[in-house]
Amino acid sequence: MSLMERVQASERQAQPSAEGHGAARRTVEELRQAVSERTSLEALAAILMENPERARNELRQACRQVLAEEGWSLLGPEERQALTQELLDVVFGLGPIEGLIADETITEVMVNGAQSIFYEREGRLHRSPLRFDDDEQVRVLIDRIIGPLGRRIDEQSPMVNARLPQGHRVNAIIPPLALDGPVLTIRAFTRHVMTLAEMERRGSLDAGMATFLGWLVRARKNVAVSGGTGSGKTTMLNALSCLIPAEERIITIEDSAELRFEQHPHVVRLEARPRNAEGEGEVSIRDLVVNALRMRPDRIIVGECRSGEAIDMLQAMNTGHDGSLTTLHANSPQDVIDRMVTMVRFAVDLPVDAIEAQIGNAFDYVVQVARAHDGSRYLREVAEFAFDRQARACVARTVYEREPLEERGRWERRPACLDAVLQARVASGKEVAAWERAVRWR
């Protein structure tokens, strides 16, 4: 979509859409018209593709010229700045939801048709007073987001997943699948990396658990983080990843790149690529996992196992790539086993007991995270995996569990990995003994 088309589409967006804002929005429309009379929008459209910042600067300059004229003299400096920024948001940005995306306390923005916008802050949903004028404006915004990414959405392909340059994950679905108008969901990306220490301060886990998880990572145990949507799986995975020693080579594989490393010197980030508008060029997570094995990794971190890549992840963990990490959707550690079996059978036809043997030998621990009713996230359970050769099945043994209403959880048994922690000299005997005295046993 050219800039001329965007500005023409923004005419409706600049019209009054909420009580009390009609005069301001009409002024924005007047500013748009005045700017379009003095600026070559086609020239700006050409600049936009090669140098977005230059295009923004030229539009700002055109706004300054218009606002300096006599007809705009009643506006104060703050009003002029606000009008200019609003026009920039309409033409280049995300329109009414630009401010929501810019708010770092907001983790998700949900547009349910033109008249319904919600956002998530601190795990709770809030309804926004913001509105689009009609569904067509939402469609224009979706096209504006996915167009530069080489993606498209139409009645034949009415769903799309994408990632914005700043890292936000975007999902859009339009009629006929969405019955009440186009739906746009944006999971906001934050550059702030939450650590285990910060999770401890927020009450997501206690000091004993933070110490134990650090030992797991440094002792090179294979760990899966499981949980439901929005439970904090990626946040926990990122916090664990930041504990990997600096001398190790890390390769991350994600569907949409979200993991961040502020200080680690040796990280290779890989991102899967969907099919383009012609239906070609797809590179799956499984392709990247297979390729990563040839890149001399010390640690492989898969953002999320969803399908056939599970078999390659298991093989990597079983063939010398200890200390690997991943996440997956599951309601409990036991459910992780069932989900992994299903995902492996997407790729290969193996007996269930053979798959469970791979799972039991690959994963050392599963960390289950959850979201409470008040929106807070917490670590709910930690389980050890092992393969029972007599039963020919993978067994999940709970070592730690926390109930939703409790501030602290209880340890069910002594974790088997403590001996490996001592052997690897991750912690001294005194440190382990002090930890055992301090944690809460059932």
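These questions and answers cover ring pairs, nonpolar cores and backbone features of a predicted model.

Local features need pLDDT of at least 70 and side-chain atom pairs count only at pLDDT 80 or more, while totals for chains, interfaces and linings use all residues. Residues are numbered from 1 along each chain as its sequence is written, and side-chain values use heavy atoms, with hydrogens and water left out.

User: How many aromatic pairs are there?
Analyst: Rings of Phe, Tyr and Trp (its six-membered ring) pair if their centres lie within 6.5 Å; planes under 30 degrees apart are stacked, over 60 edge-to-face, and the rest tilted. By this rule, the count is 8.

User: Are the rings of Phe 212 and Trp 435 stacked or edge-to-face?
Analyst: Their centres are 6.0 Å apart. Their planes meet at 20°, so the pair is stacked.

User: Which helices hold Phe 212 and Trp 435?
Analyst: Helices (H or I, at least four residues) and strands (E, at least two) are DSSP runs, numbered from the N terminus. The two residues are 223 residues apart, in distant parts of the chain. Phe 212 is in H9 (residues 207-218) and Trp 435 in H16 (residues 429-438).

User: Are the rings of Trp 411 and Trp 435 stacked or edge-to-face?
Analyst: The ring centres lie 5.1 Å apart. The planes are at 80°, so the pair is edge-to-face.

User: Which residues have the most contacts inside the largest nonpolar core?
Analyst: A nonpolar core is a set of buried Ala, Val, Leu, Ile, Met, Phe, Trp, Tyr and Cys residues joined through side-chain atoms within 4.5 Å. Buried means under 20% relative accessible area, exposed over 50%, partly exposed in between (1.4 Å probe, protein chains only). The largest core has 40 residues, and those with the most contacts inside it are Phe 212, Leu 213 and Met 236.

User: Which side chain of opposite charge is nearest to Lys 221?
Analyst: Lys and Arg count as positive, Asp and Glu as negative; His and the chain ends are not counted. A salt bridge needs a side-chain nitrogen of Lys or Arg within 4 Å of a carboxyl oxygen of Asp or Glu. Lys 221 is buried yet has no salt bridge. At 4.7 Å, the nearest such side chain is Asp 364.

User: Where does a cis peptide bond occur?
Analyst: Most peptide bonds are trans. Here omega is about 15° for the bond joining Pro 175 and Pro 176.

User: Is Arg 296 buried or exposed?
Analyst: Arg 296 has a positive phi of about 55° although it is not a glycine. Its loop runs between helix H11 (285-292) and strand E10 (299-302). At 55% relative accessibility, Arg 296 counts as exposed.
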